[in-house]
Amino acid sequence: MTATTDGGSGPRPPAIPAGGPPGPLPAPPAAPEAETARPGAASPVAAPAGAAGPGAAPATTAPATTAPATTAPATTAPATTAPAGAASPGTVPVSSAAPNSAGPSSAGPGTASCGTAPPGAVSAGSRLRAAGPGLPAPGPRDDTPAAAERAAARAVRNLLGRQHDEGWWKGDLETNVTMDAEDLLLRQFLGTGDRRTTEAAARFIRSCQRPDGTWATFHGGPGDLSATVEAYVALRLAGDAPADAHMAAASAWVREHGGIAATRVFTRIWLALFGWWPWERLPELPPEMIYLPKWFPLNIYDFGCWARQTIVPLAVVSALRPVRPAPFPLGELHPDPDAAQRHAEPRATGWDRVFQRLDRALHTYRRVAPPPLRRAALRACARWIVERQENDGCWGGIQPPAVYSVIALHLLGYDLDHPVLRAGLDSLDRFAVWHDVPGPGGGPSRMVEACQSPVWDTCLATIALTDAGLPPDHPALVQAADWMLGEQVLRPGDWSVRRPGLAPGGWAFEFHNDNYPDTDDTAEVVLALRRTAHPDPERVDRAVRRAVRWTLGMQSAGGAWGAFDADNTSAFPNRLPFCDFGEVIDPPSADVTAHVVEMLAAEGLAGDPRVRRAVDWLLAEQEPSGAWFGRWGVNHLYGTGSAVPALVAAGVPADHPAIRRAVDWLRSVQNEDGGWGEDLRSYPDPEWIARGASTPSQTGWALLALLAAGEEDGKAVERGVGWLARTQREDGSWDEPQFTGTGFPWDFSINYHLYRQVFPLTALGRYLTAVGRPPRTGPRDA
């Protein structure tokens, strides 16, 4: 399968989804007794019939109570076979040629996994993993460094081959089919749909359907009501008939789970645009909120930047309540079509009751709002939206604010040929990744990314390659550094509202998002830049000084860092009836704070009082188990893999009780196959913490923590490195259909297709250095 992305250079937050409430969470099975033991060599587990072939990752697991899922049509990208004459142990051959152009998308092997589980999936709670043919049990200890060297050499070649001509890396960013469904609904609303796009989107949506008729929001996850409703409607727009077997299965499941009335607000807003749901039965969002001062509760700057960018245009849409002619009825999605308009709001108590009453008051206000004030508020919202459009035409570099901004401005009189809307629509086309699906029923397939991650991917790739021994003056690294330097944000953005006197200097996640740089990308970019030998070191120093100053200025009151704003911690926004789609504030998190601490320590600031406060905050955030919660990655493996290296870098000794507790926890949750994995269900259900099929990225995170803690000679590290070496593909990549990235914990999940490459390589490189066999590159003209 081939894959391309429309457009080129021109998340952090990932897009606000319309995915609905999860289905019932199956309880993970009881852990085997072996889990409780500290690590030791696990007995090899016999491979079941039909186990994965050579080089394949172990089968993704699904809870025993979840309906089995079928695998989508094979869409694996052609593998790039490692050249003959592999390098001798310890040598990473590199090419002196210019980096290959991977195109705007440099995704890993395979295509969107769409939430389906492969055949032979087993319980996500089990630590017992079948190695399968071609995945033998680890060999003697002396074999591990040699295997790691060979794996690192292959991975370096693979990663270098993915670099774009301009110096950046970008893997596909896979989320769920609500992005694709809403794209078709937008085109229907604007009257801009075309047959090729509709058919390609429908082909992708169909490929993601589960056997029970539903759509999930992550690989192997349960059916999701809102995602299923949106996917169903999109396929109706594409011409699929309600009586078709796959459509009938979907509508039956929707009715069994409450129908449209039980979906989330975002889904019902999309349906209201066509009269499929009454506007009166949606939470009120008055545009006059644009006037609330920044000290007033529920002003727009109390919301996280991703929510803020979406709420302002939706306030316009909510005020105008447009209804386009519905192309068909949707009675089949209501358990009782005659009662569809009489959906009663649930009983609420406490603060929820207060905000429910506030919503009723806002509905009353709508009827009496002074027309001059309403018109002025709509104009103010329009001005706010237009002022935040990026140079490439997008808003915030993410899809939902762009979609709703286009709708809002169009309703306010901007025609589709207006430069603002034309640029906005063009930017949305650049979120599309096209695949060519072969075989019967094949053809073009189109997946919409929620956002794009070139800055994040590029800094992580740079770190991985330098850890793997690529010399700092290698052309690929110099070119990457040059590109990252050009992406530094040097103008104020929304963050300035809370920090008006702070000079800019951060980096954003995307190609174009100058309004919303984030501290996480900034920290990792600085770490990456310091690992390269750029020909203009003073330019690097200036950029780093600006970044350090800006990052320190973004520290929140408690000593930690959020991603996009300082002190974005109000409890009120999450309680609004409108905000049922996931996290809408940006409080400090352990993973972001850890990355910032690691960067500041590398800049010689480990003893700075501000850094010591952050270290104290991190230590206090450690959970009794010894793990840290992961806000932007799944989940405790990500949080712990971020926190331990940062604490050690900041001077916390490896024998500190917090570090030892983390090490003990990681040992105790290692899978029998040697890897680590954690299912997204660990967010709502603690029984799922650190349970799931082993994945390359999560195994990499665990190894990074253990290596930072001085465990390079331990059995857990040996087994983890062995798992990475055994599961690597011949072309130097790894398979990872699982979603290990987090947009909103549980509510919106991400498969970063480059995570499967950069984190294993980083771990392998650091392991080889720790055991006294630092990876080396071959001659520059090799």
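**Figure 1. Aspartate 467 is a buried partner in a salt bridge of this predicted model.** Aspartate 467 has a relative accessible area of 12%, which makes the residue buried. Its side chain meets that of arginine 531 in a salt bridge, at 3.1 Å from N to O. Aspartate 467 belongs to helix H12 (residues 454-467), while arginine 531 sits in the loop between helix H14 (519-529) and helix H15 (537-553). The pair therefore ties together parts that lie 64 residues apart in sequence. Is arginine 531 buried or partly exposed? At 28% relative accessibility, arginine 531 is partly exposed. A search of the whole structure finds 38 salt bridges.

**Figure 2. Arginine 499 and aspartate 567 form a salt bridge.** Their closest N and O atoms are 3.2 Å apart. Both residues lie in loops. Arginine 499 is in the loop between helix H13 (475-486) and H14. Aspartate 567 is in the loop between H15 and helix H16 (590-602). Aspartate 567 is partly exposed, with a relative accessible area of 31%.

Figure 3. Lysine 715 is partly exposed, at 36% relative accessible area. Glutamate 718 is buried, at 5%. Elsewhere, salt bridges with shared partners join Asp183, Arg187, Asp194, Asp429 and Arg446 into one network.

**Figure 4. Helix H7 is largely enclosed by the rest of the structure.** H7 covers residues 305-320, 16 residues in total. From first C-alpha to last, the helix reaches 24 Å. That is close to the 22 Å expected at 1.5 Å a residue. Why is H7 described as largely enclosed? Because 15 of its 16 residues are buried. Just after H7 comes arginine 321, with a positive phi of about 45 degrees.

**Figure 5. Three strands make an open sheet in the order S3-S7-S6.** The pairing is antiparallel. Strands of a sheet pair through backbone hydrogen bonds. Strand S3 (173-174) and strand S6 (741-744) are the edge strands, each pairing on one side only. S3 and S7 share 2 bridges. Here leucine 173 stands opposite tyrosine 752. S6 and strand S7 (residues 748-752) share 3 bridges. Threonine 742 stands opposite serine 749, and phenylalanine 744 has phenylalanine 748 as its bridge partner. S6 and S7 form a hairpin with 3 residues between them. In that turn, tryptophan 746 has a positive phi of about 75 degrees.

**Figure 6. Strand S7 is covered on both faces.** In a regular strand the side chains alternate between the two faces of the sheet. Which residues of S7 lie on each side? Phe748, Ile750 and Tyr752 are on one side, and Ser749 and Asn751 are on the other. Every one of them is buried. With 5 of its 5 residues buried, S7 is therefore largely enclosed by the rest of the structure.

**Figure 7. Tyrosine 752 of strand S7 takes part in two aromatic pairs.** One partner is phenylalanine 509. Their ring centres are 6.1 Å apart and their planes stand at 80 degrees, so this pair is edge-to-face. Phenylalanine 509 lies in the loop between H13 and H14, so the contact ties together parts 243 residues apart in sequence. Both phenylalanine 509 and tyrosine 752 are buried. Another partner is tyrosine 755. Here the centres are 4.4 Å apart and the planes are at 25 degrees, so the pair is stacked. Tyrosine 752 has a relative accessible area of 1%, and tyrosine 755 is buried at 0%. Ring pairs link Phe509, Tyr638, Trp701, Tyr752, Tyr755 and Phe759 into a cluster. The structure holds 22 aromatic pairs.

**Figure 8. Two arginines lie over tryptophan rings.** Arginine 196 lies over the face of tryptophan 434, at 4.0 Å from the ring centre. Arginine 631 places its charged end over the ring of tryptophan 632. That charged end is 3.8 Å from the ring's centre.

Terms used
Residues numbered from 1 in each chain as written. Predicted model: local features only at pLDDT ≥ 70, side-chain atom pairs only at ≥ 80, totals over all residues. Heavy atoms only, no water. Salt bridge = Lys/Arg side-chain N within 4 Å of Asp/Glu carboxyl O. Helix = DSSP H or I, 4+ residues; strand = E, 2+ residues; numbered from the N terminus. Buried < 20%, exposed > 50% of the residue type's maximum accessible area, 1.4 Å probe, protein only. Expected span 1.5 Å × (residues − 1). Pairing = 2+ DSSP bridges. Phe/Tyr/Trp six-rings, centres within 6.5 Å; stacked < 30°, edge-to-face > 60°. Lys NZ or Arg CZ within 6 Å of the ring centre and 35° of its normal.
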